[in-house]
Structure formats: C-alpha cells, structure tokens
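Please have the sequence and the 3D view open while reading.

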Amino acid sequence: MATELLAPSGITPAGPRPFVDRLHGWIATVDHKRLGVMYILYALVFLMIGGIEATIMRIQLIVPHNHFVSPQVFNRMFTMHGTTMIFFVVMPLVFGFANYLLPLMIGARDMAFPRLNAFSFWMTAFGGILLYFSMLGANGLYGAGNAPDVGWFAYAPLTSQTFSRGHSTDFWTMAVLVSGIGSIGTAINMITTILCLRCPGMTLGKMPLFAWLNLVMSGLVLLAVSPLTAAQIMLTIDRYLGGHFFDTQAGGSAVLWMHFFWIFGHPEVYVLVIPAFAYVSEVIPVFSRKAIFGYPVMVAASVAIAFVSMSVWAHHMFTVGMSSHANTFFVLSTMAIAVPTGIKIFNWLATMWGGKIHFTAAMLFSIGFLFQFLIAGLTGIMLSSAPFNWQLGNSYFVVAHFHYVIVGGILFAIFSAFYYWFPKMSGKMCNEALGKLHFVLFAIGFHLTFDFMHVPGLLGMPRRIYTYEPGRGWDMWNLVSTIGVVFQAAGVLIFAGNLLWSYFKGKSAGSDPWDAWTLEWSTSSPPPAYNFASIPTVRSRRPVWDLKHPEDPDWRYE
Amino acid sequence: MVPVLLWLAIASFGKAAEPALSPTNIFAPASTPANSILGLSLFVLGVTASIFVMVFTLLVYAVVKYRKRTDDDGHEPPQVYGSNQVELAWTVIPVLIVVILFMATARVIAGIQQPSLPAGAIEVIAIGHQYWWEFRYPGLKVVTANELHVPVSDPQHPTPTHIQLLSADTNHSFWVPRLAGKTDLIANHPNSTWIDPHETGLYLGQCAQYCGTQHAKMLLRVYVQSRDEFDRWIQAQSQPAQRSDAVSRGRQVFEATACINCHAVAGTVANGRFGPDLTHLMSRDTIASGAAPNTPENLRIWIRQPDAIKPGSKMPAMELTEQDISAVTAYLGTLR
C-alpha cells in the first residue's frame with residue numbers, strides 16, 4: 001500500500017527489467033534488506049550441503065564395520081560438516097536476519113556502513129566458496145587428500161606440514177580467516193547502527209530485545225573472532241614461513257592452539273545462540289499476546305552470559321591435563337553461566353504464563369526451542385562437572401549435547417524466525433499447514449537422532465570414528481540415530497518447498513499479519529527502499545502496541 | 001528424552017563384574033577414579049533430572065493452560081511486565097544449586113588429580129603413535145604395544161598403576177571407561193593418569209582424541225591380572241627374542257627389508273621405534289592395535305596389504321613375494 005502511495009502517478013514501468021539488470025542490482029547492492037536476503041539464501045544452500053555431509057556420516061555409522069565410505073572420506077565429511085554448519089550456515093543466517101531486521105526494528109533507513117555491509121557479505125561468501133573449492137584445488141604436490149580432514153577445531157599438530165600435506169588445511173585456514181574478516185566487519189556495523197541510528201525516543205532501554213541481543217552478539221564477535229583470525233595467521237606462518245607456534249616437533253605447543261581456538265570457540269556458541277534468544281524473545285510475546293516478562297532482567301542476563309562466556313573456554317580442555325586448580329576454576333565459571341541462562345528460560349515461561357498462546361508454526365518452533373534448550377543446558381551442566389567430563393568429553397554424549405544446542409536450540413529458533421518474518425520479507429504468508437508438518441517431522445527426526453545419540457557416549461563411544469567394533473552395545477543406538485535423519489531431511493525439504501511455494505503462490509501478507517508490536521510491522525511488506533517514508537518516533541518498547549491501544553499504552557508502565 | 005532418562009536409571013545399577021550393556025559402560029566402574037566419577041555423576045544426574053522434571057512440568061502446564069481457547073473473546077490478556085520478587089527467586093535458587101554442584105565437583109577433582117599413590121605403584125609410560133599404543137615399563141625392561149598388562153589392586157594392599165602419557169606425533173587420548181576418565185597424550189606436554197582395578201579381567205577402551213585417518217582403530221586393551229600372573233608376564237616379556245633356526249629364512253627377509261626401520265625385536269639387529277616392538281608379538285591377542293585377532297592368516301593379510309585391515313595405517317605394503325610373506329609370517333610366529 002505504502003509503495004503505491006510513493007510511486008509517482010501517470011508513469012507505468014515498461015515491463016520487467018532484463019535479467020542481467022536485476023542480477024547486477026543484487027550483486028552491486030548495498031541495501032541492508034537485499035544483503036540480508038542474500039545472507040539467508042547463501043546459508044540455506046550450505047545448509048543443504050552440510051546436511052548431505054551429515055547424512056553420509058550417519059549412513060556410514062548405521063552398522064559396525066560398515067564400508068559405505070573410506071576413513072579418509074569420513075574424516076573429510078565431519079570436518080566439512082562442522083566448518084560449514086558453524087561458519088557458513090548459522091553465522092550467515094543470524095547475520096542475515098540481523099541485517100534485514102535491525103534497521104527496521106530501530107526505525108533506521110539502513111545500516112550505518114552500507115558499503116562495509118556489502119563487503120562483509122562478499123567476504124563471507126568468498127570464504128564458503130574457498131572452503132569448497134578445496135575439493136577441486138587442494139591436491140597439492142604429494143597427491144595428498146583434497147577437502148580438509150583435520151576436524152573443525154583443527155588441533156595442532158595435526159595441521160602441521162608433517163601430518164597434513166598438500167593444501168587442504170590451507171583452504172580451511174583461509175576460508176575461516178576470510179569469513180572471519182567479514183564477521184568482524186558485520187559486528188562493527190551492527191554495533192554502530194544500534195548505538196547511532198535509533199529513531200527518536202528509542203533509548204537503549206526501549207530497544208526491542210532483538211536489538212539488545214544482536215548488540216551483545218556483535219560485541220562477542222569482535223572479542224571472539226579476532227583471536228581466531230590471529231591463530232589462523234600464526235598457523236599459516238607455521239606452515240609456510242618456518243614458525244613454530246604450534247609445531248610440537250620443533251618445540252611448539254599444541255595446547256596453545258587449543259587455548260586460541262576455544263577462546264574463540266566457546267564465545268562462538270553464544271554468538272550463535274544469542275540471536276536465537278533474540279528470535280524467541282520476539283516470537284513468544286507476540287503469540288502469547290503479552291509483553292516480554294522482566295525486560296531489564298532479560299537484558300542484564302544477556303550481557304552477563306556474554307561476559308561470563310569469555311572466561312569458560314577451557315571447559316573444552318578438561319582432558320588435556322590442566323592443573324586441578326585450573327580445572328576447578330573453569331568448573332565454577334562454566335556452572336555460573338547456568339544462572340543467567342536459567343533466568344532467561346524462566347522469563348520466557350513467565351511471558352507465556354497468563355497469555356493466550358497461538359500455536360502458529362513460528363510459536364511451535366519457539367516452544368520446541370525452549371524445551372530442547374532446557375535439556376541442552378542440563379547436559380551442559382553434566383559436562384561442566386570436570387570429572388564427569390573426563391568420561392563424557394570427546395564422546396558421542398558431547399556430540400549429542402552440542403547438536404541439542406545448535407539444532408534443537410538454535411536451528412529451531414531460526415525456523416521460528418523464518419515463519420515469523422517470512423511475510424515481512426516476501427510480502428506473502430507462509431503456508432501454515434506445511435509449516436506445522438515441517439515442525440512435526442523435524443521434531444520427530446531431531447529427537448530420534450539426538451536423544452538416542454547420548455547413550456553410545458555413556459557406553460564409551462568416542463566421536464570422530466568412521467566405524468566401530470561390534471559387541472560394545474552401540475549398534476542399536478546408532479541405528480536409531482540414523483533413522484532420525486530420514487525425518488529431519490523430509491522436514492527440511494518440506495520447509496524449502498514451503499518457502500518456494502509461498503513466495504510464488506502464498507496469499508498476500510499485508511503489513512502486520514501477526515498483530516505484532518515492533519516497528520518492522522509498521523511499514524509495508526516487503527518494506528520499501530529506505531524502509532520508512534518518515535522516521536518514526538517511539539515512546540515505549542512496543543510502539544505499535546501504543547498505536548493500537550491508545551487507551552492503555554505501554555509507556556505508562558515502563 | 002524420557003526413554004533416555006529411564007535407561008540411565010537402569011544403567012546406573014549395572015555395576016556387576018560383567019557389565020550388561022557394554023564392556024565400555026561408564027556406569028560399570030572397576031577402579032577408584034572411575035568409581036568416584038560415577039558417584040559424582042549420579043549426584044549431578046539427580047540434580048539435573050529434578051530441574052528437568054520441574055521446568056518441563058511448568059512448560060507443559062503453561063502451554064496447555066494458556067492456549068488460546070475456541071471461545072476466546074478477542075481481548076488481549078492482562079499485560080504483566082515483570083516481578084522483582086519472582087525474578088529474584090529464580091536467580092537465587094539456581095545460584096545455590098550451582099554452589100552445591102561446584103563443591104561436590106571440586107572435591108572429586110582434587111581426589112583424582114592429587115592422589116597419594118603408595119610406594120608399590122607400578123610405573124608405566126604410554127606413548128601414543130598414529131595409530132597404536134606403545135607401553136614401556138621403566139625399570140622392568142619391558143616394552144609392549146596396544147595391550148597393557150597391570151596387576152589387580154587389592155584394597156588391603158593397593159598396587160595402583162601410574163601411567164605417564166606421552167605422544168610421539170599428534171594428540172591422542174587414553175580412555176578405558178571402566179577404569180578412569182580420559183586423559184590426552186600431547187607432544188611436548190607430559191600428562192599422567194592412574195588406575196587401581198579391583199577385579200581381574202580384560203578392560204576395553206580406545207583413543208578418544210582425533211589423531212588422523214585411523215583414529216577409529218586405535219583400540220586399547222587393558223589386561224588386569226593377579227599379582228602372580230602379572231609377575232610371570234613381566235618375567236616372560238623381559239626376555240630377548242627366541243631364536244629358532246627353522247625360520248632363519250623368514251628372519252633374513254625381515255632383517256633385510258625395511259621392516260627393521262620401524263620394528264624392534266630385542267636381541268637382533270631390528271631396533272626401529274616407529275612401529276610396535278615385535279619381540280613378543282605372539283603373546284598378544286590382537287594385531288594392528290586391536291583391529292584384528294592375532295592369527296597367522298590375519299598376520300599374512302596384514303603384511304601383504306595393511307590397508308585391507310586398517311586403511312590409512314602407517315604400515316606400508318612391502319611388496320614381498322608370496323614365499324617371503326610366508327617365511328616372515330612363520331618367523332613372526334616364533335616370537336613368543
């Protein structure tokens with residue numbers, strides 16, 4: 001409607017622009033909405049690729065002593081799967097949603113640095129292409145394998161020239177380094193946008209939680225990705241310039257790499273999960289028809305999680321032989337994170353409490369997130385207890401735990417975000433029936449695969465093995481885990497089909513299909529270029545609620 | 001989740017000598033470190049399971065009770081913005097739970113990491129290689145591979161085994177779930193662990209830190225023997241290799257090819273250290289770090305084409321003729 005008002009009357013466009021023109025428009029764009037959509041589509045392509053890699057691994061593990069793939073291929077699969085899913089699926093997805101939604105939610109016309117934004121996207125995109133180009137270009141002089149096979153945390157000294165010949169490790173290093181530069185650029189951009197471009201009246205305390213959580217996430221990206229980038233440069237110096245940082249054969253330290261990697265790696269988990277918190281913090285209130293419960297505490301808990309998450313990294317290293325004092329410290333810091341995380345779970349519960357819950361596909365995925373994130377947190381507490389970790393660490397229990405976080409938590413929240421904001425981004429409603437079918441299939445598949453995956457870990461099955469011995473009591477659990485993949489794959493295919501079908505055939509969404517309360521719903525769907533005809537002024541955390549309920553506006557209570 | 005919790009409840013009673021579910025079940029400990037970890041684990045599991053039941057109940061209750069009804073009047077529900085008392089409660093209670101869990105954990109860390117081992121403790125050096133285990137008994141002049149022998153530890157007269165953990169190449173991890181938690185073997189970073197098995201028998205484990213292509217088949221066997229049996233084993237293992245003229249052809253082939261670059265046979269020219277010591281090869285139940293039973297047929301396959309048993313292993317196919325393979329297999333068969 002708003003676009004009609006903006007279009008000058010009497011001029012009719014001369015038909016659709018040629019394909020090359022439109023393509024150029026996308027490639028050269030600096031528009032935050034187009035970049036957001038590009039991030040998301042790019043990540044969805046890699047989601048499919050990473051999913052195929054996971055499926056290959058699960059088929060290999062369906063029975064003991066299987067010969068579906070060789071150990072070399074299996075090792076490449078888990079390396080590529082982990083690297084892809086973390087760096088080229090979840091990070092682009094959360095950056096994509098933040099890019100698209102942040103300016104809309106804070107009443108801004110674009111990000112603070114649109115060109116940096118485009119640069120960051122293309123760096124990330126280039127990183128992913130570089131990683132997969134290894135499959136063609138990494139053979140090296142020795143005929144050593146192609147795709148990287150050092151694991152997604154690439155422990156030294158496996159990455160040294162001695163143990164990793166050819167160029168596969170270099171492609172991994174460069175892909176992570178290049179995409180890391182993109183991530184840092186995006187983080188700087190988001191922090192600046194949030195701090196400088198909020199619309200009149202929107203003080204920090206009146207920002208939507210979405211904006212707060214993405215601010216916290218961006219701060220963590222700056223703190224976490226920088227040491228990783230440094231470590232990748234050090235590794236390259238080791239491999240090509242005769243450095244000995246991590247080269248144990250020349251007196252280097254393998255443990256140093258672990259510290260570098262995990263001081264990135266643990267905050268990284270929160271880089272991924274804090275945006276997931278952001279999505280459910282928008283979805284749960286709208287579909288419970290209540291304001292978020294305890295906004296100031298939610299903000300404080302998010303900042304506390306980020307702060308504490310910087311001092312827990314060595315809980316990934318309980319088995320490397322740290323002193324009992326160091327182990328004890330990291331037990332305490334890790335367990336401490338449970339407190340602010342618990343507060344968040346209880347506050348989401350309290351938001352639903354006394355509301356009128358609408359079971360849309362978006363809400364179902366958010367409730368799934370709550371349930372699974374609770375379990376993931378509790379298995380996290382088990383792992384934080386160092387002696388228990390000496391048994392569980394590096395076993396399938398850990399694999400199940402972090403997939404509970406990343407799939408059961410983060411991915412469910414991302415699906416929730418898709419169903420919630422798809423109407424805003426496309427102007428079309430997503431098919432609800434297909435959305436609910438997607439939820440049911442994916443939830444069944446998820447629980448089959450990852451609930452049962454805890455058990456072989458408790459029975460002594462280490463991770464990253466391409467095959468296992470019969471007679472260890474692991475067979476049935478692995479079989480069930482693999483069966484779950486079928487349901488997950490079906491769910492994801494229905495999701496992809498739903499997006500396509502809804503984009504072309506869905507019914508028109510209108511500007512505010514969910515009767516929601518934040519600023520993105522006050523403009524048309526999809527929003528026009530530069531978002532707002534005139535910059536809005538807000539008086540509370542729910543400006544659109546105030547418009548809809550002039551008799552009982554929020555600003556009276558905040 | 002619910003079937004898994006139920007299973008956990010059952011599994012935690014599986015403390016019998018022969019664990020029902022798996023020979024590598026962490027809930028069937030047979031040594032002090034694994035046992036004290038089990039105690040702590042059950043406590044942590046109890047606390048987390050109670051939290052799960054409570055929050056899960058609240059979640060189900062909220063979702064069912066506050067669903068939008070079909071006879072909804074279309075009004076928005078009362079808007080509640082927060083409650084300091086309630087939020088304080090769900091901050092303070094978790095803090096208390098964390099303090100309790102932390103104290104219980106800290107006690108077990110100290111107990112396992114700062115043991116006071118008696119003077120009679122057996123010393124072993126375990127060295128991780130791609131993809132096999134070297135075990136050396138300093139002072140006893142014994143070197144073996146992949147199959148660790150230790151004496152049973154009688155609580156009255158404890159004879160625990162202290163294991164120093166080193167790596168010759170990439171990272172590995174020593175994990176025998178029924179005896180102790182895992183500890184990594186890292187080059188330039190000596191670690192140690194200890195076990196005091198209470199019952200004789202065979203305990204299985206495997207490398208638990210990704211170390212390269214054949215990480216999966218870097219299996220580990222610990223034979224816990226009575227003190228007499230263990231002493232006899234040490235006695236036998238400290239002898240040089242038996243020499244039999246019947247297999248001199250095989251010995252010649254072995255000593256004239258690159259076999260001896262990697263393998264040692266005590267009392268001969270073979271003194272390589274990249275591969276397992278073969279002096280008493282026939283005393284071992286398995287070859288290729290547990291990947292295959294130690295039979296003459298498997299030994300032949302292994303010498304002819306190592307990739308047939310363990311693709312990606314560091315042992316090269318030596319391209320010997322069939323007669324030479326037979327001769328070498330016969331020679332190795334005399335190394336008891």
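How many residues does the largest nonpolar core have, and which residues have the most contacts inside it? The model behind the answer is predicted.

## The nonpolar core

The largest nonpolar core has 266 residues. A:Ala276, A:Phe365, A:Ile410, A:Ala413 and A:Ile414 have the most contacts inside this core. Helix H8 of chain A, residues 254–288, gives the most to the core, namely 24 residues. Chain B takes part too: domain 1 (2–67 + 81–113) and domain 2 (245–332) of chain B each supply at least three residues.

Leaving aside residues up to four places away in sequence, A:Ile414 touches A:Leu93, A:Ala276 and A:Tyr279.

## Two helices of chain A

Helix H7 (residues 209–240) and helix H9 (residues 295–309) of chain A have axes that come within 10 Å and cross at roughly 10 degrees. Angles under 35 degrees count as roughly parallel, so H7(A) is roughly parallel to H9(A).

On H7(A), the contact is made by A:Leu209, A:Trp212, A:Leu213, A:Val216, A:Gly219 and A:Leu220. On H9(A), A:Tyr295, A:Met298, A:Val299, A:Ser302, A:Val303 and A:Ala306 take part. By class, this contact has 10 nonpolar residues, two polar residues and no charged residues.

## Where the chains meet

In chain B, 77 residues are in contact with 78 residues of chain A. Helix H1 (2–11), helix H2 (32–65), helix H3 (84–113) and strand S7 (183–185) of chain B each supply at least two residues of the side that touches chain A. H3(B) gives the most to that side, with 15 residues.

The residues of chain B on this side divide into 43 nonpolar, 26 polar and eight charged.

How values were computed. Residues are numbered from 1 along each chain as its sequence is written. Chains are lettered from A and ligands numbered from 1 in the order in which they are written. This is a predicted model: local features need pLDDT of at least 70, side-chain atom pairs count only at pLDDT 80 or more; totals for chains, interfaces and linings use all residues. A nonpolar core is a set of buried Ala, Val, Leu, Ile, Met, Phe, Trp, Tyr and Cys residues joined through C-beta atoms within 7 Å. A residue is buried if 20 or more other C-beta atoms lie within 10 Å of its own, exposed if 12 or fewer, and partly exposed in between; C-beta atoms are placed from the backbone. Helices (H or I, at least four residues) and strands (E, at least two) are DSSP runs, numbered from the N terminus. Domain bounds come from an automatic or database domain assignment. Two residues are in contact if their C-beta atoms, placed from the backbone, lie within 7 Å. Axes are lines fitted to C-alpha atoms, for helices over the stretch in contact, and angles run from 0 to 180 degrees between N-to-C directions. Angles under 35 degrees count as roughly parallel, over 145 as roughly antiparallel, 65 to 115 as roughly perpendicular and the rest as oblique. Ala, Val, Leu, Ile, Met, Phe, Trp, Tyr, Cys and Pro count as nonpolar, Asp, Glu, Lys and Arg as charged, and the others, Gly among them, as polar.
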